[in-house]
Amino acid sequence: MSNCTIPFFKIEAYLLFLGTALFPIYVFSSGSVQPAHVILALFASIVLAKNGVPFPNWALGLLATVGYVFAVESFYIAKGGNPDYLINSIYFMYNFVLSVAVFSFCRREGLFPIAAGIVVAGTICLVTILFVVVDGGGGSRFVGTFNNPNQLGYFSVCLMSIAYLVYRL
């Protein structure tokens with residue numbers, strides 16, 4: 001299918017759009033699961049249940065990284081470390097599952113939900129930074145709907161990267 005096709009009747013398309021659009025919305029504390037994460041997990045579950053898990057070479061490398069992180073964290077826990085650090089391997093597994101789901105969906109249905117989602121996310125970000133500012137040691141800094149200015153900066157870099165990738169494709 002063409003990358004310009006709009007998959008109107010697929011719940012996965014709406015979930016991918018909504019999850020992407022809500023990236024700049026931080027409702028809970030930093031490091032916590034945010035609304036976009038939940039929506040994208042639902043998206044990934046549906047896509048992978050319908051289509052199975054694709055294993056291109058990059059996905060195998062990412063899965064190997066998940067295994068490595070799990071092994072390292074398990075080793076530290078076995079040596080008396082805090083079991084809470086297993087969250088790191090869960091984070092890597094979430095990113096693996098989401099990556100292969102997005103890959104699988106976009107290969108079949110196109111990039112429209114992501115493209116539309118980043119336009120909305122960028123708009124949300126732009127509008128909110130005009131209204132939400134924090135006072136830092138060196139002066140005021142913009143935060144938008146994020147918990148701190150560093151998250152806004154990281155989001156901006158990711159948004160530009162994704163926007164350029166979509167543009168090039």
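This is a predicted model: local features need pLDDT of at least 70, side-chain atom pairs count only at pLDDT 80 or more; totals for chains, interfaces and linings use all residues.
**View 1. Helix α6 and its span.** Helix α6 comprises residues 149-168, 20 residues in total. From its first C-alpha to its last, α6 reaches 29 Å, close to the 28 Å expected at 1.5 Å a residue. The buried positions of α6 are Pro149, Gln151, Leu152, Phe155, Leu159 and Val166. Viewed down the axis of α6, these buried residues fall within an arc of 130 degrees, so they line one face of the helix. The face turned away from the buried side of α6 carries the exposed residues Asn150, Tyr154, Val157, Met160, Tyr164, Leu165 and Arg168.

**View 2. Packing of helices α5 and α6.** Helix α5, which spans residues 112-129, packs with α6 at an angle of about 150 degrees. The axes of α5 and α6 lie 10 Å apart. Because angles over 145 degrees count as roughly antiparallel, α5 is roughly antiparallel to α6. The crossing in which α5 passes α6 is left-handed.

**View 3. Aromatic pairs.** The structure holds eight aromatic pairs. In one of them, Phe75 and Tyr76 have ring centres 5.7 Å apart and ring planes at 65 degrees, so this pair is edge-to-face; planes over 60 degrees apart count as such. Tyr76 is partly exposed, with a relative accessible area of 49%. The aromatic pair of Tyr164 and Tyr167 is tilted, with 6.2 Å from centre to centre and 35 degrees between the planes. Both partners, Tyr164 and Tyr167, belong to helix α6, where they are three residues apart, about one turn of the helix. An α-helix has 3.6 residues a turn, so residues three or four places apart point the same way.

View 4. Tyr26, Phe146 and Phe155 form one aromatic cluster. Among these residues, Phe155 is one of the buried positions of α6.

**View 5. Leu60 in helix α3.** Leu60 is located in helix α3, which runs over residues 57-78. The relative accessibility of Leu60 is 43%, so this residue counts as partly exposed. Leu60 and Phe96 are 36 residues apart in sequence, and their C-alpha atoms are 9.5 Å apart in space.

Methods. Residues are numbered from 1 along each chain as its sequence is written. Side-chain values use heavy atoms; hydrogens and water are left out. Helices (H or I, at least four residues) and strands (E, at least two) are DSSP runs, numbered from the N terminus. Buried means under 20% relative accessible area, exposed over 50%, partly exposed in between (1.4 Å probe, protein chains only). The expected span of a helix is 1.5 Å times one less than its number of residues. The arc is that of the directions from the helix axis to the C-beta atoms. Rings of Phe, Tyr and Trp (its six-membered ring) pair if their centres lie within 6.5 Å; planes under 30 degrees apart count as stacked, over 60 as edge-to-face and the rest as tilted. Axes are lines fitted to C-alpha atoms, for helices over the stretch in contact, and angles run from 0 to 180 degrees between N-to-C directions. Angles under 35 degrees count as roughly parallel, over 145 as roughly antiparallel, 65 to 115 as roughly perpendicular and the rest as oblique. A crossing is left-handed if the near helix is turned anticlockwise from the far one by less than a right angle, and right-handed if clockwise.
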